[in-house]
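Colleague: Please take one part of this model and go through it closely. I want to know how it is held in place and what surrounds it.

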Amino acid sequence: MTDPGDDPQAYGVPRGRAVSVPEAKVALSTASVYPESTATAFEIAARLGYDGVEVMVWTDPVSQDVEALRRLSDYHGVPVLAVHAPCLLITQRVWSTDPWTKLQRARTAAERLGASTVVVHPPFRWQRSYARDFVRGVWRMADETDVRFAVENMYPWRYRDREMLAYAPDWDPTTEDFRHFTVDLSHTATARNDALEMVGRMGDRLAHVHLADGNGSAKDEHLVPGRGTQPCAALLERLAASGFTGHVVVEVNTRRSLSAAEREADLAEALAFTRLHLASAAQVGRR
């Protein structure tokens with residue numbers, strides 16, 4: 001008996017067409033299960049069928065422990081595809097107070113775990129020495145490893161009618177010459193800029209995607225893709241058409257979930273959305 005899953009028409013693909021699945025892998029950010037643990041993220045990623053995880057290094061001790069992460073990866077059969085360096089305000093003392101030490105440890109963790117990418121935010125403006133050397137320093141570190149340092153777009157901080165530029169050299173990394181970029185669609189919503197236009201500026205240096213949605217609020221919303229105003233579907237379809245081979249990471253906020261089942265349903269929905277729009281319909285040859 002034929003499995004309906006083997007029949008493209010079961011998914012609405014017309015006869016005479018085939019589904020082309022791009023090489024890009026879909027990962028779950030461990031931040032997507034907060035306030036649950038890093039270990040929970042591996043468990044959910046395995047159960048839902050994600051291709052891997054991106055480890056957000058934060059205050060959870062497991063997220064900082066390479067051997068613990070390796071054991072989780074092996075136990076669940078879920079590879080670590082990326083490491084997010086501890087760049088948040090709440091992680092200022094994680095792995096050191098020195099930002100370069102943080103990046104060096106993130107690179108070492110990525111190398112030991114087999115991850116291809118380290119995600120890094122632009123410096124805060126008050127990190128003056130770090131900010132002055134950031135562009136040159138990231139290039140130097142990238143020259144020393146096969147791991148990609150993908151600098152992520154951020155956003156201006158807003159309070160009522162006031163705007164504060166919290167990042168240097170800029171919240172928009174495309175104003176500088178970085179080797180690789182991460183685009184985050186919740187951040188483009190908060191910045192109120194054109195996500196597809198930013199992706200166009202990144203060009204073939206776009207190496208990594210944080211997929212989430214937003215409505216343009218001053219708060220960084222990280223909604224499930226499809227629940228906001230960002231061009232999540234259009235971006236995924238563009239990536240599929242261009243042969244993107246980086247990683248697409250679901251990084252959504254599930255803190256308001258009323259139960260573990262509701263959280264898991266949101267993460268399953270995000271995965272289905274991502275895979276649906278990454279899979280492009282390619283016409284098979286006609287005779």
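**The strand and its partners**

Modeller: I start with β9, where His180 is the bridge partner of Ala150. The model is predicted, so local features need pLDDT of at least 70 and side-chain atom pairs count only at pLDDT 80 or more, while totals for chains, interfaces and linings use all residues. Residues are numbered from 1 along each chain as its sequence is written, and side-chain values use heavy atoms, with hydrogens and water left out.

Strands here are DSSP runs of E with at least two residues, and helices are runs of H or I with at least four; both are numbered from the N terminus. Strand β9 covers residues 180–184. On one side it runs parallel to β6, residues 148–152, and three bridges join the two. Val151 also has its partner in β9, namely Phe181. On the other pairing, β9 and β10 run parallel and are joined by four bridges. There, Val183 has Val209 of β10 as its bridge partner. Two strands count as paired if DSSP finds at least two bridges between them. Strands of a sheet pair through backbone hydrogen bonds, either parallel or antiparallel.

These pairings belong to a barrel. Eight strands close it in the order β2-β3-β4-β5-β6-β9-β10-β11, with parallel pairing. From one strand to the next, the twist averages 25°. Axes for such angles are lines fitted to C-alpha atoms, for helices over the stretch in contact, and the angles run from 0 to 180 degrees between N-to-C directions.

Now the side chains of β9. His180, Thr182 and Asp184 point one way. Phe181 and Val183 point the other way. Five of the five residues are buried, so β9 is largely enclosed by the rest of the structure. Buried means under 20% relative accessible area, exposed means over 50%, and partly exposed lies in between (1.4 Å probe, protein chains only).

Asp172 is buried at 9% relative accessibility. Its side chain meets that of Arg201 in a salt bridge, 2.7 Å from N to O. A salt bridge here is a side-chain nitrogen of Lys or Arg within 4 Å of a carboxyl oxygen of Asp or Glu. Arg201 is partly exposed, at 33%.

Arg201 has another link, a salt bridge to Glu197 with the closest N and O atoms 2.2 Å apart. The two are four residues apart in α6, which means that about one helical turn separates them. Glu197 is partly exposed, with a relative accessible area of 41%.

The loop between β8 and β9 makes a further tie. The side chains of Asp177 and Arg205 meet in a salt bridge (3.3 Å, N to O). Asp177 sits in that loop and Arg205 in the loop between α6 and β10, so parts 28 residues apart in sequence are tied together. Asp177 is partly exposed at 47%, and Arg205 is partly exposed at 25%.

Asp204 is exposed, at 75% relative accessibility. Asp204 and Ser242 are 38 residues apart in sequence, with 9.5 Å between their C-alpha atoms.

Some wider context follows. The structure holds 14 salt bridges. Glu43, Arg47 and Glu264 are linked in a network of them. Disulfides, defined as pairs of cysteine sulfur atoms within 2.5 Å, number zero. Cys87 is buried at 15%, and Cys232 is buried at 1%.

One surface feature is left. Leu89, Trp126 and Met164 form a nonpolar patch with about 310 Å² of accessible area together. Patches are made of residues with over 30% relative accessible area and no salt bridge; like charges are joined within 9 Å and nonpolar side chains (Val, Leu, Ile, Met, Phe, Trp, Tyr) within 5 Å. The areas come from the Shrake-Rupley method with a 1.4 Å probe, and for residues only the protein chains shown count as cover. Trp126 lies in the loop between β5 (117–120) and α4 (128–143). It is partly exposed, at 47%.
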